[in-house]
Amino acid sequence: AVVSTQSTWGQLSKSGDPTVMETIKIVLKGNEFDVDVAATATIEELKKAIDHKMGVAAGDQELYFLGLPLAEPEMPITDFLEMSKTFSLVLPEEDDDKRLLFNRSPRGFESDKEIFLVFGARFDFKTILLRANTKEWIKLKAKRFGVVQDTEGETGSRVFQVRIY
């Protein structure tokens, strides 16, 4: 899977300097959409941009980066953008109807524990969180996908053991 990203010049900041904008790809249950944020944005500002696009409050969003939960709202996204401009989004069950914004046939997935599905290329992949004991219908663009069995290492040098289907 090829992910296209863009940088554009945005509005002037308070100091009068132009702000570099980044197009961030958000993956929601196998579907993708873009949001534009300042390259210096925090996790909270990224969530606000998603709220503006989808109408889901920032506090109701769970963001992940390559399987790593992003729980620190003031954390800048700049360090992540060096590796990828794709983030995974998980919504609470009451917002499931927002997932129907995309038209394709879903696949049914169910697991007795919380796991991640992965799809895409070896060094350019996306992740989707599957919650334990919940049947989820996910629309995947890829014909093949993997289930993460184990994760080792830290951000930037993580190694995933994956079963491919």
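Modeller: Happy to! Let's start with a hairpin: strands S8 and S9 form one, with 4 residues between them. Strands here are DSSP runs of E with at least two residues, helices are runs of H or I with at least four, and both are numbered from the N terminus.

Before going further, a word on the ground rules. This is a predicted model, in which local features need pLDDT of at least 70 and side-chain atom pairs count only at pLDDT 80 or more, while totals for chains, interfaces and linings use all residues. Residues are numbered from 1 along each chain as its sequence is written, and side-chain values use heavy atoms, with hydrogens and water left out.

S8 covers residues 115-120, and its partner S9 covers residues 125-130. The two run antiparallel and are joined over 6 bridges; two strands count as paired if DSSP finds at least two bridges between them.

How enclosed is S8? Of its 6 residues, 5 are buried, so the strand is largely enclosed by the rest of the structure. Buried means under 20% relative accessible area, exposed means over 50%, and partly exposed lies in between, using a 1.4 Å probe and protein chains only. Across the protein, 41% of the 165 residues are buried.

Now for the side chains. The protein has 6 aromatic pairs, where rings of Phe, Tyr and Trp (its six-membered ring) pair if their centres lie within 6.5 Å; planes under 30 degrees apart are stacked, over 60 edge-to-face, and the rest tilted. Tyr64 and Phe116 have ring centres 5.4 Å apart and planes at 70°, so this pair is edge-to-face. The pair ties S8, which holds Phe116, to strand S4 (residues 62-65), which holds Tyr64, across 52 residues of chain. Both partners are buried: Tyr64 at 8% relative accessibility and Phe116 at 15%.

Another edge-to-face pair is Phe80 with Phe87, whose ring centres are 6.1 Å apart with planes at 80°. Phe80 is buried at 6%, and Phe87 is buried at 0%.

To place the strand in its setting, the protein has 2 helices and 12 strands.
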